[in-house]
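Hi there,

Here is the structure I said I'd pass on. Have a look below, and then read on for what turned up when I went through its charged side chains.

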Amino acid sequence: MTGVQTCALPIFDKCFYFNIVGLHSDNITWQFFGDNKFEHFENAYNRFFRMLLKGSLNNFFKSKMVSVTNVFHDKETSLQNHQYFNWNSIYRLQNELENVSFETDAIIFIDSNHDKEEIYTDESNFIQLIDLILGSFRHAFDKTTKREGSTEIAKIFAKYLKAMMDNPFNPQYFKKYSFSFFPTRKLKS
């Protein structure tokens, strides 16, 4: 086969980047995110989503001009109805990042089940891939299921995860794939 390039994580295409942050929930001061548990999740998710988007754009494309055509998210009723989530990250980042422009002003919510998604079927498949990656990394840490297939995939991903955590500046995946935890210590008011 000619024209095929390999990379440190051969399961990913050259045009694929990811930035995953595992949250240390015990280190989060939840009252900063609202008055009740329902608000905590939505407000924290909104803030960390923006943090990840900004961090990814800064880390992977800092010296390049970037145009973001669309931002997709799996359908999530509470986030779809949240007063800030569908527009705030885009609005804030449009004003904070000089090298990034957004061609959209709102997140598009799609169904991650491509059989149900009528308009954005390719993007639906991509969200399924993201779910697979996140679930595999989470299972590698937390052993979240006993299902044989999930465990098998998690073992494959775990070796890449370990490599990223042990040597985050490896040139084969530095500024392409990232995994970290936040916050590293308990935040105080």
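Arg92 is partly exposed, with a relative accessibility of 35%; on this scale buried means under 20% relative accessible area, exposed means over 50%, and partly exposed is what falls in between, using a 1.4 Å probe and protein chains only. Keep in mind that this is a predicted model, where local features need pLDDT of at least 70, side-chain atom pairs count only at pLDDT 80 or more, and totals for chains, interfaces and linings use all residues. Residues are numbered from 1 along each chain as its sequence is written, and side-chain values use heavy atoms, leaving out hydrogens and water.

So what does Arg92 pair with? Arg92 makes a salt bridge with Glu96, their closest N and O atoms being 3.6 Å apart. By salt bridge I mean a side-chain nitrogen of Lys or Arg within 4 Å of a carboxyl oxygen of Asp or Glu. Arg92 and Glu96 are four residues apart in helix H3, so about one helical turn separates them. (Helices are DSSP runs of H or I with at least four residues, strands are E runs of at least two, and both are numbered from the N terminus.)

Glu96 also has a salt bridge to Lys54, with the closest N and O atoms 2.9 Å apart. That one joins distant parts of the chain: Lys54 sits in helix H1 (residues 37–61) and Glu96 in helix H3 (residues 85–96), 42 residues apart. Both ends are partly exposed, Lys54 at 30% and Glu96 at 34%. Put together, Lys54, Arg92 and Glu96 form a network of salt bridges.

The whole structure has three salt bridges. Another of them pairs Lys162 with Asp166, whose closest N and O atoms are 2.5 Å apart. These two are four residues apart in helix H5 (residues 148–166), so they too are separated by about one helical turn. Lys162 and Asp166 are both exposed.

One more residue to look at is Glu42, in helix H1. Glu42 is buried but has no salt bridge, and the nearest side chain of opposite charge, Arg50, is 14 Å away. For charge, Lys and Arg count as positive and Asp and Glu as negative, while His and the chain ends are not counted. What does Glu42 touch, then? Leaving aside residues up to four places away in sequence, Glu42 touches Ser78, Leu79 and His82, where contact means heavy atoms within 4.5 Å.

Cheers
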